[in-house]
Amino acid sequence: MTVGEALEEALRGWGDHPCLLEVNRQQGVVSTGPRELQLRIAERAAALQDWGIQRGHFVALFLNNSTEFITTFLALLQLRAVPVLAKMEYRRIELDEIFGNARPEAVIAEKDHLPLLSPYLEGATVIERKNGALHPAQYGKGGPPRPDLPPELASINYTYRGCGYPLGAMLSHAQYLHGARVLQDGLQGDRGEKMLAILPMVHIFTLVGCILVPLLYGLTCVIADTMH
């Protein structure tokens, strides 16, 4: 079972409480229900496909905590593209390693983060997030899906391993679902309870514990992009 299939099953019997509550500086608290979440993921997947992202493409994500991060991540999984997740704080030494190693076909980033990434964007599709929405900023060369990718591959998550060089871990759909199930077994979260997501969503702990656990087990994820 993929993450998308498990999520679809969870949303069918969701209930009346929201899936996501985003604390937004401009709009206050923005609520997203189960039906709206499904529609937004489907719409995002269709848009990404229109912009040239295909099954097997590596897509680097540099987005702040937001509903857009969640819908984009889940839409990429639905397309069977491969999100490449790295910290927003990474600078030249880490980015050299990530882009040299992963060679992503596309980059999705906050508009104000793109100047830092500019040395790595030649030939890639670039999608920028500005004022809470995604827009294509550059169309890349595209190309066929990569050969010999494991069919169970969900994402590549970069983490620090010392000496300034991050290590990319290849994670499967089964690993995501297993991690969420084990955490929920210990947490025993009840439907309708709220979980606050403060840590950056690119962290594997946040992805599993603060996004997938709530969405798969009926909790509401409260999204904050700052601890202040």
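Which element gives the largest share of the lining of the largest pocket? I looked it up, and β1 does, with three residues.

Ground rules first. This is a predicted model, where local features need pLDDT of at least 70, side-chain atom pairs count only at pLDDT 80 or more, and totals for chains, interfaces and linings use all residues. Residues are numbered from 1 along each chain as its sequence is written, and side-chain values use heavy atoms, with hydrogens and water left out.

**Pocket.** I worked on a 1 Å grid over the protein atoms alone: a pocket is an open set of points where a 1.4 Å probe fits, with protein on both sides within 12 Å along at least five of seven lines, and lining residues have an atom within 4 Å of a point. The largest one holds about 660 Å³ (the space filled by probe spheres set on the points, which are joined across faces, edges and corners). I found 24 lining residues, with N24, Q26, R129, N131 and G132 nearest the centre. Two or more residues each come from β1 (20-24), β2 (28-32), α3 (67-79) and β6 (125-130); helices here are DSSP runs of H or I, at least four residues, and strands runs of E, at least two, numbered from the N terminus. I sorted the lining into three nonpolar, eleven polar and ten charged residues (Ala, Val, Leu, Ile, Met, Phe, Trp, Tyr, Cys and Pro are nonpolar, Asp, Glu, Lys and Arg charged, the others, Gly among them, polar).

**Sheet.** I traced seven strands in an open, mixed sheet, ordered β7-β6-β5-β3-β4-β8-β9; two strands pair if DSSP finds at least two bridges between them. At the edges I have β7 (133-138) and β9 (166-172), each pairing on one side only. I also checked β3 (58-62) against β5 (106-110): they run parallel over four bridges, and F62 stands opposite A109 in β5.
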